[in-house]
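Hi everyone, and thanks for coming. Please have a look at the model on the screen, and then I will walk you through a few places in it.

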Amino acid sequence: MLIDQFKDYMLLERNCSELTVKAYVSDLTAFVFFLENEHAAMDLVKVNYPEIRQWIVELVDNGVSNRSINRKIASLKAFYLFLQKTEVVKVGPLAKHKSLKTESKVKLPFSEEEIKGALSLFNEDLNDFFQLRDRLIIEVLYVTGIRRAELVGLTIGSVDLFSNTLKVLGKRNKERIVPLLGVTIKLLSEYIEGYKSRYVAEKSSPLFLTNKGVKIYENFVFRLINSYFGKVSVKNNKSPHVLRHSFATHLLKNGADLNSVKELLGHSSLAATQVYTHNNIAELTKVYKKSHPRNKNV
């Protein structure tokens with residue numbers, strides 16, 4: 001089946017993450033379902049742009065956002081590029097498609113006070129192993145800026161207590177080394193000692209476990225972050241990704257250069273990192289008004 005071949009290609013040749021490929025396959029499956037209902041199960045190879053355009057109209061009518069529609073069409077585009085590469089089709093049906101316009105979302109990071117507030121919810125001694133785990137999950141996400149999926153994928157061997165670094169496996173299986181702060185290393189050292197007294201701690205063992213002793217998963221991390229930050233923040237979005245935004249925004253606010261933040265985040269281009277500069281506009285405005293000589297004369 002073409003979709004299965006596409007899945008193998010994205011996983012094995014393009015080195016896409018399982019999560020990304022799962023999203024692609026889900027979008028393709030939804031499109032196939034549409035074709036079954038509207039076009040008598042038309043073969044994917046025979047699809048032309050009018051059929052895709054009709055699907056887009058149906059998605060819009062069903063209230064799907066432009067951003068989500070663009071993501072679904074991106075999945076189709078990747079699939080038809082694969083068909084071109086394997087010479088199943090000569091020209092893909094999306095060659096002249098233009099993405100739908102979307103409003104740029106304003107990303108609101110947690111303030112430094114909110115971060116401190118969440119961390120202050122924990123006792124200083126942290127004798128409880130699972131309380132220490134919760135604290136470390138927040139700490140690692142904020143101190144390193146890694147993605148939720150990257151956190152879930154960490155192993156005991158990812159932590160180097162001697163060089164104070166963390167080995168992270170990012171998108172498309174790209175590996176990067178992220179530095180750790182002394183306070184984080186101290187907590188990790190205590191946590192790993194507690195881990196060894198409860199579980200088998202091999203280098204390949206998952207770093208973070210649930211209360212049942214199995215590897216954490218993405219929804220677990222989301223609920224944990226939402227729960228703790230729900231006690232200190234009134235922001236609507238209290239997800240792990242907001243901690244990533246906070247990491248980048250706070251570094252830039254305190255003088256880090258864009259290229260360094262790019263490397264720490266694991267971005268492939270500066271364009272992806274530049275979005276975080278917009279989060280500092282209020283701070284920049286304050287500095288600008290305070291520092292510009294013209295403002296002093298008004």
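This is a predicted model: local features need pLDDT of at least 70, side-chain atom pairs count only at pLDDT 80 or more; totals for chains, interfaces and linings use all residues.

Residues are numbered from 1 along each chain as its sequence is written, and side-chain values use heavy atoms, with hydrogens and water left out.

So, the overall picture. The protein chain has 14 helices and three strands. Those elements are DSSP runs numbered from the N terminus, with helices being H or I of at least four residues and strands being E of at least two. The C-alpha trace spans about 70 × 65 × 35 Å along its principal axes.

How much of the chain is buried? Of its 298 residues, 40% count as buried. Buried here means under 20% relative accessible area, exposed means over 50%, and partly exposed lies in between, using a 1.4 Å probe and protein chains only. The chain exposes about 17600 Å², and carbon and sulfur atoms supply 52% of that; the areas come from the Shrake-Rupley method with a 1.4 Å probe, and for residues only the protein chains shown count as cover.

Next, contacts, meaning heavy atoms within 4.5 Å. Taking the contacts between residues at least 6 apart in sequence, 59% join residues at least 24 apart.

Now please find helices H2 and H3. H2 covers residues 18-38 and H3 covers residues 49-61. They pack at an angle of about 100 degrees, and their axes are 11 Å apart. The axes are lines fitted to C-alpha atoms, for helices over the stretch in contact, and angles run from 0 to 180 degrees between N-to-C directions. H2 and H3 are therefore roughly perpendicular to each other, a label that covers 65 to 115 degrees. Which residues of H2 and H3 meet? On the H2 side they are Asp-27, Ala-30, Phe-31, Phe-34, Leu-35 and Glu-38, and on the H3 side Glu-51, Ile-52, Gln-54, Trp-55 and Glu-58.

Let's move to the backbone. Most residues other than glycine have a negative phi. Glu-87 has a positive phi, near 60 degrees. You will find Glu-87 in the loop between helix H4 (66-85) and helix H5 (112-119), and it counts as exposed at 70% relative accessibility. Asn-164 has a positive phi too, of about 55 degrees. Asn-164 sits in the loop between strand S1 (159-160) and strand S2 (165-169), and at 30% relative accessibility it counts as partly exposed.

My next stop is Arg-244, in helix H10 (residues 240-253). Is Arg-244 buried or exposed? It is buried, with a relative accessible area of 2%. Leaving out residues up to four places away in sequence, Arg-244 touches Gly-145, Ile-146, Arg-147, Arg-176, Leu-265, His-267 and Tyr-276. One of these, Arg-147, is 97 residues away in sequence, yet the two C-alpha atoms are 6.9 Å apart.

That list leads us to Tyr-276, in the loop between helix H12 (270-274) and helix H13 (281-291). Tyr-276 counts as buried, at 4% relative accessibility.

Last one: Ser-268, in the loop between helix H11 (258-265) and H12. At 66% relative accessibility, Ser-268 counts as exposed. Beyond residues up to four places away in sequence, Ser-268 touches Lys-174 and Lys-262.

Terms used: Angles under 35 degrees count as roughly parallel, over 145 as roughly antiparallel, 65 to 115 as roughly perpendicular and the rest as oblique.
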